[in-house]
Amino acid sequence: MNFFDRFFEQRSRHLARSTSRRSMLKRLGGVLVGSAAIPLLPVARAADNGNAKMPREEGDPGSCDYWRYCAIDGFLCHCCGGTYNTCPPGTEMSPITWIGTCRNPVDGRNYVISYNDCCGKTSCGACLCMRDEGDRPVYRADKSNDINWCLGTESAIYHCSTAIVVGVAVEKE
Amino acid sequence: MIKVVVAALLSVFVLTAGAEEVNAQRAHYNYMLYCQGCHTPEGLGIDSVPRIKGHVGNFLRLQEGREYLVRVPGSAGSVLNDAQLAEVLNWMILEYGEDSIPADFHPYTETEVAQLRQDPLLEVEDHRRRLMEQLRNSKE
């Protein structure tokens, strides 16, 4: 018993000698402020961005006004059980797609958008958007959004449209 | 001294003015915008869309094949101008050609493309079939 008493007395005295009573508050405060400040560092923000090509965005992906939808003609997958990047369950994404550019209001840059259709179920019917910027008549087939882009899929039945960022536009000199 | 500088500047100008210069970023952008929708991001193609990756360079083994790549509707009828089209074609060959690129490959020039696209193909599939046969025979 004597050994335990001595041991803990020594440890307690050592602790009392080497630390101040407020050091606990100081350290706790440091941790709190520090963890709040780390996300503000540029390194953390760059890591958060992941892919450098992926734009920072704002707005409602369930609204036709969302920046990526500048040339869309169809139902938003975002309202049909998918997102602007993914198809709803039970549908297949068309590998053949129509491609345009949209200006991201957050950074003012133009991005290349691929409007891959999701196919295999009847029309979704929700959030019909027809902004059609840059849409060309069907004799310019690769720049026309009026044709059914469910090509190369098992089924040619159109369900909804995604709007995937595939690159950054090169501005004309 | 001034003469040397002028000569150096001129040579730089002549080199950069050549149509076979490939600005990879610009070429990739034009590929994304005007080709990728059907040829897919990796140039793999699907169904009736022919595969580019690892294959496109085979056409360059014959003069007719070299002409084919410019005369197909997607190239000849493209909204790209002659210089841009030459650049995208050269970029596609270098990016996706892999082992199919012949050793003596020389890039398309703006004038070559301008001339070839005046004669676009109407019966692409028949033409392609004949061409593939010629390419197979030339290999043996």
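**View 1. Surroundings of Val88(B) in the predicted model.** Setting aside neighbours within four places in sequence, Val88(B) is in contact with Ala27(B), Asn30(B), Tyr31(B) and Leu80(B), where two residues are in contact if their C-beta atoms, placed from the backbone, lie within 7 Å. This is a predicted model, in which local features need pLDDT of at least 70 and side-chain atom pairs count only at pLDDT 80 or more, whereas totals for chains, interfaces and linings use all residues. Residues are numbered from 1 along each chain as its sequence is written, and chains are lettered from A and ligands numbered from 1 in the order in which they are written.

**View 2. The largest nonpolar core.** The largest nonpolar core has 53 residues, and those with the most contacts inside it are Cys77(A), Ile113(A), Cys160(A), Tyr31(B), Val88(B), Leu89(B) and Met92(B). Such a core is a set of buried Ala, Val, Leu, Ile, Met, Phe, Trp, Tyr and Cys residues joined through C-beta atoms within 7 Å; a residue is buried if 20 or more other C-beta atoms lie within 10 Å of its own, exposed if 12 or fewer, and partly exposed in between. Two or more residues each are given to this core by strands E3 (98-103), E4 (110-115), E5 (117-119) and E7 (158-161) of chain A, together with H2, H4 (63-71), H6 (82-96) and H7 (110-116) of chain B. The largest share, 8 residues, comes from H6(B).

**View 3. The side of chain B that touches chain A.** Here 14 residues of chain B are in contact with 12 residues of chain A. The elements giving two or more residues to this side of chain B are helix H2 (24-34) and helix H3 (36-39), helices (H or I, at least four residues) and strands (E, at least two) being DSSP runs numbered from the N terminus. H2(B) provides the largest share, 6 residues.

**View 4. Val170(A) and its partners in chain B.** Val170(A) is found in the segment after strand E8 (164-168) of chain A. Apart from neighbours within four places in sequence, Val170(A) is in contact with Gln25(B), Arg26(B) and Tyr29(B). Val170(A) counts as partly exposed because it has 17 C-beta neighbours inside 10 Å. The C-alpha atoms of Val170(A) and Phe7(A), which are 163 residues apart along the chain, are separated by 72 Å.

**View 5. Chain A.** Chain A has 3 helices and 8 strands, which follow the pattern α-α-α-β-β-β-β-β-β-β-β along the sequence. Buried residues make up 27% of the 173 residues in chain A.
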